[in-house]
Amino acid sequence: MREQDHFLHKWFFLGVRSLLVLLFLLIIYYQTFPDKRILFKENKLVYLPENLESVPLENDWVRLEELPSGSLEYLVEVEDYRFYRHRGYSLADIQSSLLQAILLFRRLRGASTIDQQLARTLFLSRDKTLTRKLREIRIAQALDEELGKKGVLEYYLNLVYWGRGLNGIHKSSKYYFSKHPRKLVPGEFKALIQILKKPDAYTKEEVRSLALEY
């Protein structure tokens, strides 16, 4: 009986490893896929391989140079500390997510870089399926390639969901602190970044109190 358990255990983990290798090969293929491109079209982006249009871009666009000193470093530290070391996705995080989904029978969790979050915000639903995750990785790679690192950060800050039906740092700054983002002090910007994980969980008063802690 123990030999049979050992045999099943061995083949189970071989299957898991094979799945991870297959995923890695798919990612490499998508990374070198010749047609992955982003087209800039009026107030939208288009992901050309699928002819997929993004949500409309925000009118009140904020440039990175308008934000408080140290803002980008803090954003990357909190949201995606490997941001400058990957090309749109983190293989280590994806492997961890897959292992938890397979071994613990959980739904596929986030494991999302800033690029992937931007891809999802622009083009995709929030369904936690492997198919959607692979599409997200392909689009994230294209965004990283076409926009560059600073471009990805700028688009992310201008489009990410900040709770209360608000998208983008211009609207969130106006709502929570009654000021344009260029007038935010570092503590206020950090408070906005901190609520991104659960944006609808905070009231305006709680966000303002959080800003005083930095």
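Biologist: Which residue of β2 is the bridge partner of isoleucine 38?

Modeller: The bridge partner is tyrosine 47. This is a predicted model, in which local features need pLDDT of at least 70 and side-chain atom pairs count only at pLDDT 80 or more, while totals for chains, interfaces and linings use all residues. Residues are numbered from 1 along each chain as its sequence is written, and side-chain values use heavy atoms, with hydrogens and water left out.

Biologist: How do you know that β1 and β2 pair?

Modeller: Two strands pair if DSSP finds at least two bridges between them. β1 is joined to β2 (residues 44–47) by 4 bridges, so the two strands pair, and they run antiparallel. Strands are DSSP runs of E with at least two residues, and helices are runs of H or I with at least four, numbered from the N terminus.

Biologist: What makes β1 and β3 edge strands?

Modeller: The open sheet has 3 strands in the order β1-β2-β3. β1 (38–41) and β3 (52–53) each pair on one side only.

Biologist: Why is aspartate 200 called partly exposed?

Modeller: Its relative accessible area is 43%. Buried means under 20% and exposed over 50%, with partly exposed in between (1.4 Å probe, protein chains only), so aspartate 200 is partly exposed.

Biologist: What makes the approach of the side chains of aspartate 200 and tyrosine 161 a polar contact?

Modeller: The two are joined at 3.0 Å. A polar contact is a pair of N or O atoms within 3.5 Å; within protein, one must be able to donate a hydrogen and the other to accept it, and residues adjacent in sequence count only if both atoms are side-chain atoms. The distance of 3.0 Å therefore falls within the 3.5 Å limit.
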